[in-house]
Structures are given as structure tokens and as C-alpha cells.
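Hi,

Here is the structure I promised to pass on.

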Amino acid sequence: MTLKRNILLAGAVLLASGGLAQAEMVATTVNDLNVRAGPGPQYPAVGLATRGSTAVLDGCIEGSRWCRVDVNGMRGWVYADYLQMDYGGNQVIVEQHRAEIGVPVVTYESTASVVPADPQPAPGDELIGPVGAVETITPPETVRTYIETNPTETVRLGGDVVVGAEVPADVTFQTIPDYEYRYTRINDRPVLVDPGTRRIVYVYQ
């Protein structure tokens with residue numbers, strides 16, 4: 001075999017490998033969601049991916065809803081329940097069709113000790129609903145004061161606590177005197193909710 005033929009064959013192998021590397025799994029975000037530095041709500045958000053963003057999916061952790069993605073110039077972790085992909089001509093939720101889609105399994109090893117202050121939502125916990133459009137509000141300081149002086153128990157839900165997200169029907173709200181919105185505490189974060197639509201209109205940091 002000539003040297004020229006060897007070089008041509010090597011080039012063909014490189015091209016084939018390059019084609020395989022470019023076969024990325026592309027998903028779309030179905031909600032506004034935080035992209036986190038690690039696979040869990042206890043990790044800091046590196047940014048917000050808006051609904052409809054294109055995300056390159058590296059894979060998901062086995063036995064977990066968390067998946068690693070590249071989206072809008074950010075690399076991090078999001079819920080598989082909030083990603084959809086084309087499968088057989090239909091858009092399907094990644095979490096519900098991981099085996100059929102063939103989502104790779106990835107692992108995560110923390111380089112730091114990040115321990116949640118309180119128990120976090122478990123994989124089977126109910127999820128916050130889809131995000132919809134809501135009117136932007138700026139609550140008066142009296143509302144914050146009322147919330148701080150009238151604490152309520154926190155509700156554990158899976159997913160990101162973001163403005164526009166729909167709160168499940170079994171979550172109860174607390175009335176704020178002389179104010180149109182209600183409040184509850186989700187994953188230790190006080191939120192204001194429109195009682196008519198059950199959508200979050202404000203999240204206290």
C-alpha cells in the first residue's frame with residue numbers, strides 16, 4: 001500500500017469521525033428555566049434559558065431528571081421534564097422518552113461540598129407547571145413586610161421557581177390584606193401568585 005493511499009485512508013477516517021461528532025442531540029426548552037452549575041436546585045444558576053431556546057443535549061444522569069446542555073452560550077444542567085425533542089416526527093418530552101430517544105448517560109462529580117440547607121425536591125415530587133405570559137409587577141414594600149411577619153410552610157416542588165410558572169392545583173395560597181395577589185412559599189422562596197391563573201407573578205430573592 002502506497003504512502004499516498006495511506007494518507008487518503010486516514011483522511012477518510014477523520015472525516016467519518018468528524019461526521020459522528022457532529023451528530024448532536026438537539027432539544028428545545030418548553031419553559032423559561034434556570035441553567036444551573038450542577039445537577040440540583042442547590043447549585044447556583046449560570047443564567048436563564050427562555051422558552052423555545054435550542055439546547056444541545058450531552059446526556060442525563062441515570063435515575064435523575066437532570067441533564068447537561070449547551071444553551072444560549074451557557075453550559076450547565078436543566079430538568080429533562082422541560083426539554084423536548086423530535087421523535088418520529090413528533091415533539092416529545094425528553095424525560096418521558098429517554099430510552100426511545102437514546103439519551104446518553106452522563107455523570108457528575110462535584111469539586112466542592114455543596115449541601116442544601118433544607119431537603120430538596122425528590123425525583124418523584126410534583127413539578128411546577130408550564131410558563132406563560134404574565135404582567136410584570138413591582139409589589140409594594142408593605143407586601144414583603146406582611147410576608148415576613150406572617151410566614152407559611154414551604155411547598156416542595158420539582159422544577160425552577162420562575163415568573164410565569166403555573167403552581168399546581170393542590171397548593172394553597174395565603175391572602176394578603178388589600179392586595180390582589182396571594183402568596184405562598186415554594187422551595188423556601190416566597191412568591192406572589194395570581195389566584196385566577198395560578199401563575200407566579202413575582203419571586204422574592
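Below is what turned up among the aromatic rings and the charged side chains. Please keep in mind that this is a predicted model.

**Aromatic rings**

The count of aromatic pairs comes to six. One of them joins Trp77 and Tyr108 edge-to-face, with 5.5 Å from centre to centre and 85 degrees between the planes. Trp77 belongs to strand S6 (residues 74–79), while Tyr108 sits in the loop between helix H2 (98–101) and helix H3 (141–149), so this pair ties together parts that are 31 residues apart in sequence. How buried or exposed are the two partners? Trp77 counts as buried, because its relative accessibility is 3% and the limit is under 20%. Tyr108 comes out at 31% relative accessibility and counts as partly exposed.

Tyr79 and Tyr82 make another edge-to-face pair, at 6.0 Å centre to centre and again with 85 degrees between the planes. Tyr79 is buried, with 5% relative accessible area, and Tyr82 is buried too, at 4%. Tyr79 also has a charged neighbour: Arg65 lies over the face of its ring, 6.0 Å from the ring centre.

**Salt bridges**

How many salt bridges does a search of the whole structure find? The search gives nine. Three of them are described here.

- Arg75 and Asp70 meet through their side chains at 2.6 Å, N to O. Arg75 is partly exposed at 47% relative accessibility, and Asp70 is partly exposed at 30%. Both also belong to a network of salt bridges that links Asp58, Arg68, Asp70 and Arg75.
- Glu95 and Arg98 form a salt bridge at 3.0 Å, N to O. Glu95 is partly exposed, with a relative accessible area of 26%, whereas Arg98 counts as buried at 17% relative accessibility.
- Arg144 and Glu148 form a salt bridge at 3.9 Å, N to O. Both lie in helix H3, four residues apart, which is about one turn of the helix. Arg144 is partly exposed at 30% relative accessibility, and Glu148 is exposed, with a relative accessible area of 55%.

**A buried arginine with no salt bridge**

You will find it in the loop between strand S12 (189–194) and strand S13 (199–203). Which side chain of opposite charge is nearest to Arg198, and how far away is it? That is Glu166, 6.0 Å away. A salt bridge needs a nitrogen-to-oxygen distance within 4 Å, so Arg198 is buried yet has no salt bridge.

What the side chain of Arg198 does reach is the backbone oxygen of Val171, at 2.6 Å. Leaving aside residues up to four places away in sequence, Arg198 touches Ala165, Glu166, Val167, Pro168, Ala169, Asp170, Val171, Phe173 and Val193. Glu166 is therefore on the contact list of Arg198, even though the two do not form a salt bridge.

Cheers

Methods: Residues are numbered from 1 along each chain as its sequence is written. This is a predicted model: local features need pLDDT of at least 70, side-chain atom pairs count only at pLDDT 80 or more; totals for chains, interfaces and linings use all residues. Side-chain values use heavy atoms; hydrogens and water are left out. Rings of Phe, Tyr and Trp (its six-membered ring) pair if their centres lie within 6.5 Å; planes under 30 degrees apart count as stacked, over 60 as edge-to-face and the rest as tilted. Helices (H or I, at least four residues) and strands (E, at least two) are DSSP runs, numbered from the N terminus. Buried means under 20% relative accessible area, exposed over 50%, partly exposed in between (1.4 Å probe, protein chains only). A charge sits over a ring if NZ of Lys or CZ of Arg is within 6 Å of the ring centre and within 35 degrees of the ring normal. Lys and Arg count as positive and Asp and Glu as negative; His and the chain ends are not counted. A polar contact is a pair of N or O atoms within 3.5 Å; within protein, one must be able to donate a hydrogen and the other to accept it, and residues adjacent in sequence count only if both atoms are side-chain atoms. Contact means heavy atoms within 4.5 Å.
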